Protein chains: 2
Amino acid sequence: MSQKPIPDIVIGRLPVYLRALQHMALEGRLVTSSQELGERLGISAAQIRKDLSQFGEFGKQGTGYNIEFLANQLQEILHVDRVWEVAIVGAGDIGSALARYNGFNERGFQIKLIFDSSPAKINSKINDFVIKDSQNIVQEIKGTRIQIAMLAVPAAYAQAVANDLVEAGVKAILNYAPVNLNVPSGVRVQYIDPAIHLQRMTYYLP
Amino acid sequence: MSQKPIPDIVIGRLPVYLRALQHMALEGRLVTSSQELGERLGISAAQIRKDLSQFGEFGKQGTGYNIEFLANQLQEILHVDRVWEVAIVGAGDIGSALARYNGFNERGFQIKLIFDSSPAKINSKINDFVIKDSQNIVQEIKGTRIQIAMLAVPAAYAQAVANDLVEAGVKAILNYAPVNLNVPSGVRVQYIDPAIHLQRMTYYLP
């Protein structure tokens, strides 16, 4: 395995490969090829082979990839061969949807805490989660195994919440607030903002 | 302006620049620099200058960018100097959250139709929208100005709905279902799947 860092854009494709492989496994499939994966994903077979080759030798020329083996390897590479505990901040529409979504567990994530600042929501329940006061983010998270948070608060509060999450030891934030976050190096942020994704497509529309 | 196509990864950064500029404008700011933008966004100033230079000359050396002018130019480049009509398919947690979200209008998008397949939801309302039967996607959308859809249905139904959307003339799909879509060339898809974004970060966590 090479020692130089692998480009983040390659890392970003691995979860997409993993998801496709897991779908194939659910369909009862045992073996696939870079060609087939490529057609499913709209990515060239050569790109897929090149991406995977950065991490080792996963298939034999002519016989393709063993789906279960490759999925297991990708889970290991992405560190989702374990379960990560996750906090959600914001119990509005998006935060509630995330708390109720049952697709996280099988993909390496377990929601453990959910916070909101509204007195009407604090101590009420979403599924089995009692919503906690977001004033207590630092105390509640510190000392737990939680290193990941999903942030679904209004844009105006996002940076202050992010600061609390960082203080609590969170190292990865999935930010649904439509605003950029400043975090120390060593903390990663990914952004989900539907308008950003839509604008990336309207560029191509006449 | 150059005639060769601009890489999609550059296009993908323009909405992020636009969002930051619009925040600055809301703060009452008039002028910014690639340095300041870069610090806000965690992108190098050189990268920002290089990206913007592909579309023209937007700032003067030493005086920086006029925020309103640059924001207007980016809106024009991204084709969000107009309002795009959008359909939502799926009135579950995510679809409802999207229908209620009031941040779209100012960024170039207006929700016009929302569909669901559940008899319990059809003809009920989310805000002012009467939920329509997703069996009628093609008839309802065809002949309207809608070219963009957000897809928030369970993974098992996503491809069939995408086929209907394409038949109805939709050219851009924002897909929240955790599955890859096959669409004809000329139709663009962007994906939002929180587990994919989380897995991209766990790679870097010890």
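What follows is a chat about a predicted model with chains A and B.

Reader: Okay, I'm new here. How many helices and strands are in chain A?

Author: Chain A has 8 helices and 11 strands. Its C-alpha atoms fill a box of roughly 60 × 45 × 35 Å along the principal axes. Keep in mind that this is a predicted model.

Reader: And what share of the residues in chain A is buried?

Author: Of the 206 residues in chain A, 51% are buried. As for contacts between residues at least 6 apart in sequence, 55% join residues at least 24 apart.

Reader: What about the two chains, what rotation superposes chain B on chain A?

Author: A rotation of 180 degrees, with 0.0 Å of shift along its axis, and the RMSD is 0.0 Å. The two copies are thus related as by a two-fold rotation axis.

Reader: Which surface do the copies meet through?

Author: The same one on both, because 100% of the interface residues of chain B are also interface residues in chain A.

Reader: Now inside chain A. At what angle do H1(A) and H3(A) pack?

Author: H1(A), residues 8-26, and H3(A), residues 45-53, pack at about 105 degrees with their axes 10 Å apart. They are therefore roughly perpendicular to each other. Val10(A), Arg13(A), Leu14(A) and Tyr17(A) of H1(A) meet Gln47(A), Ile48(A), Asp51(A) and Leu52(A) of H3(A). That contact has 5 nonpolar, 1 polar and 2 charged residues.

Reader: Switching to chain B: how many residues does H7 have, and how far does it reach?

Author: H7(B) spans residues 155-167, so to speak 13 residues, and reaches 19 Å from its first C-alpha to its last, close to the 18 Å expected.

Reader: Which of its residues are buried?

Author: Ala158(B), Val161(B), Ala162(B) and Leu165(B) are buried in H7(B). In an α-helix, residues three or four places apart point the same way, because there are 3.6 residues a turn.

Reader: What covers them?

Author: The cover includes strands S4, S9 and S10 and helix H6 of chain B. Just after H7(B), Gly169(B) takes a positive phi of about 105 degrees.

How values were computed: Residues are numbered from 1 along each chain as its sequence is written. Chains are lettered from A and ligands numbered from 1 in the order in which they are written. This is a predicted model: local features need pLDDT of at least 70, side-chain atom pairs count only at pLDDT 80 or more; totals for chains, interfaces and linings use all residues. Side-chain values use heavy atoms; hydrogens and water are left out. Helices (H or I, at least four residues) and strands (E, at least two) are DSSP runs, numbered from the N terminus. The expected span of a helix is 1.5 Å times one less than its number of residues. Buried means under 20% relative accessible area, exposed over 50%, partly exposed in between (1.4 Å probe, protein chains only). Contact means heavy atoms within 4.5 Å. Copies are superposed by least squares on the C-alpha atoms of residues with pLDDT of at least 70 in both. Axes are lines fitted to C-alpha atoms, for helices over the stretch in contact, and angles run from 0 to 180 degrees between N-to-C directions. Angles under 35 degrees count as roughly parallel, over 145 as roughly antiparallel, 65 to 115 as roughly perpendicular and the rest as oblique. Ala, Val, Leu, Ile, Met, Phe, Trp, Tyr, Cys and Pro count as nonpolar, Asp, Glu, Lys and Arg as charged, and the others, Gly among them, as polar.
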